[in-house]
Amino acid sequence: MTDVSGLTSSAYQQALEVIASVEPRIADATRAELADQRASLKLIASENYASPAVLMTMGTWFSDKYAEGTVGHRFYAGCQNVDTVESLAAEHARALFGAEYAYVQPHSGIDANLVAFWSILAHRVEGPWLQKAEKKNVNELTEEDWESLRRELGNQRLLGMSLDAGGHLTHGFRPNISGKMFHQNQYGTDPETGLLDYDAVAAKVKEFKPLVLVAGYSAYPRRVNFAKMREIADSVGATLMVDMAHFAGLVAGKVFTGDEDPVPHAHLVTTTTHKSLRGPRGGMVLATEEYAPSVDRGCPMVLGGPLSHVMAAKAVAFAEARQDSFRTYAQNVADNAKSLADGLMKRGTKLVTDGTDNHIVLLDVSGYGLTGRQAESALLEAGVVTNRNSVPADPNGAWYTSGVRIGTPALTTRGFGHDEFDNVAELITQVLSNTQPGTTKAGTPSKASYVLGDGVADKVKAASAEMLDKHPLYPGLDLA
Ligand SMILES: *Cc1c(COP(=O)(O)O)cnc(C)c1O
């Protein structure tokens, strides 16, 4: 590839001058954010660093264009260039994932899931209802018809992975709309091993008979057999929807193939584009031909006008992910997660499922006498950015938790390898083993406050800085 780091540097310097001429504080905050990201050990499993090409694509006049509808069928005039952008993004996505159909408009992962849910309801509930009522379309419905259709739509069942087993809140969790618009139920993991128990999922599906079976996760450190999940869905005629928001990069990079690749097995696959896939902040739905027409109605059914500048950046990111170098990246993400997990276990940290075979490592910090909240805060004080997370059957609930979730996509993008991740495990161990639970002002035990040993934060920060300096973020980009 052409080296464009010099160009990148001058482009950003000039862009920041333009921004500063209107609101200098935003230019300053933008500079400060780069400095912070460069200086921290970013282990948040859902974050990454997009390329300058992806980032720059988002900063253009495509942002100014309205383009509700689909390619060639817009509710606005003058969309020929948006059509080019959306077609290219979809074409790259189909090729990258081997999907029959790709819908690249969703603004985020949650939006992609909403599109998928309503597509399933449209295809499996509204369509058959209209047919049975002998109505050509919804324009022919009386008030009474509407009442009946609404009742049908609002009476469907969804089964997803529970939040504390690693599922996502959009998979039927009560505070999210998915837990309100569906009768929801959940499957968990084996309490002993922390692993998915397919027989238990199959039994639950047989008993609950969901319309939608959701697979996929945000905090499960293992691979899923999607061929099995499809078999289970088929046993009751359920639609299998896989949310690969977290691990799309491992699918794109062919680390997950065969039964572990959701695309050939699911009716619909939803994803974000900014996590392990390393694109712009956004979402996408992949579908079989059968579901494509209802997915296409995503905007304006549940989505506002598409973000054309972000669809353009998706096209650039997917083009990057189709290069051989992305396969190497994805394999490194998984290899590095193993190094990190092994490094933590050999130093005495308990991991949920005793390891990983994806990009996620989930620490159970109860062995250190800490809550997830205390561990997260102590690590942050030492410049290690993670997030607290429930562990299966967590005694500390979803707020304080007993776990810390970390992942390798971001630091792998910076070029960290086995030795660095082993060293990261050492630094995490130093922080956790030198942290004590704190007390409240009244002197009673607290689940939030903590005491980090003297000098530990500085020592860990210095050791991190040494590694981070060797693997600069956006090398050559100089804003001085
Ligand atoms: C992150 C995530 C989402 C939500 O993505 P947003 O872009 O934040 O809306 C949905 N599902 C899963 C499984 C995720 O991990």
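This report describes strands, helices, salt bridges and one annotated lysine in a predicted model.

## Basis of the description

The model is predicted, and local features need pLDDT of at least 70, side-chain atom pairs count only at pLDDT 80 or more, and totals for chains, interfaces and linings use all residues. Residues are numbered from 1 along each chain as its sequence is written, and side-chain values use heavy atoms, with hydrogens and water left out.

Helices (H or I, at least four residues) and strands (E, at least two) are DSSP runs, numbered from the N terminus.

Seven strands form an open sheet in the order 4-10-9-8-7-5-6, and their pairing is mixed. Its edges are strand 4 (101-103) and strand 6 (183-187), each of which pairs on one side only. From one strand to the next, the twist averages 20°. Two strands are taken to pair if DSSP finds at least two bridges between them. Strands of a sheet pair through backbone hydrogen bonds, in either a parallel or an antiparallel sense.

Tyr 103 has Val 285 in strand 10 as its bridge partner. Helix 4 (residues 80-97) lies across strand 4 and strand 10, and runs at about 130° to strand 4. Axes are lines fitted to C-alpha atoms, for helices over the stretch in contact, and angles run from 0 to 180 degrees between N-to-C directions.

## The annotated lysine

UniProt, in an unreviewed entry, places the feature "modified residue: N6-(pyridoxal phosphate)lysine" at Lys 275. UniProt positions are given in the numbering used here, feature names are shortened, and annotations may be inferred rather than shown by experiment.

Lys 275 lies in the loop between strand 9 (268-272) and strand 10. At 12% relative accessibility, Lys 275 counts as buried; buried means under 20% relative accessible area, exposed over 50%, and partly exposed in between (1.4 Å probe, protein chains only). Leaving aside residues up to four places away in sequence, Lys 275 touches Ser 46, Asn 48, Ala 245 and His 246, where contact means heavy atoms within 4.5 Å.

Strand 15 pairs with strand 12 (residues 360-364) in the antiparallel sense over five bridges, and Leu 362 has Arg 405 as its bridge partner. Strand 14 (residues 387-389) also runs antiparallel to strand 15, with three bridges joining the two. There, Arg 388 stands opposite Val 404.

## Salt bridges

The structure holds 16 salt bridges, a salt bridge being a side-chain nitrogen of Lys or Arg within 4 Å of a carboxyl oxygen of Asp or Glu. One of them joins Glu 47 to Lys 42, with the closest N and O atoms 3.2 Å apart. Glu 47 is partly exposed, with a relative accessible area of 28%, whereas Lys 42 is buried at 7%.

Another salt bridge pairs Lys 135 with Asp 145, the closest N and O atoms being 3.3 Å apart. Lys 135 lies in the loop between helix 5 (109-132) and helix 6 (143-153) and Asp 145 in helix 6, so the pair ties together parts that are ten residues apart in sequence. Asp 422 and Arg 347 also meet in a salt bridge (3.2 Å, N to O). This pair links distant parts of the chain, 75 residues apart: Asp 422 is in helix 18 (residues 418-433), and Arg 347 is in the loop between helix 14 (324-346) and strand 11 (350-351). Asp 422 is buried at 18% relative accessibility, whereas Arg 347 is partly exposed at 25%. Both belong to a network of salt bridges that links Lys 346, Arg 347, Asp 422 and Glu 426.

## Helix 1 against helix 2

The axes of helix 1 (residues 5-20) and helix 2 (residues 24-39) come within 7 Å and cross at roughly 145°. Leu 16, Ile 19 and Ala 20 in helix 1 meet Pro 24, Ile 26, Ala 27, Thr 30 and Arg 31 in helix 2. By class, this contact has six nonpolar, one polar and one charged residues. Ala, Val, Leu, Ile, Met, Phe, Trp, Tyr, Cys and Pro count as nonpolar, Asp, Glu, Lys and Arg as charged, and the others, Gly among them, as polar.
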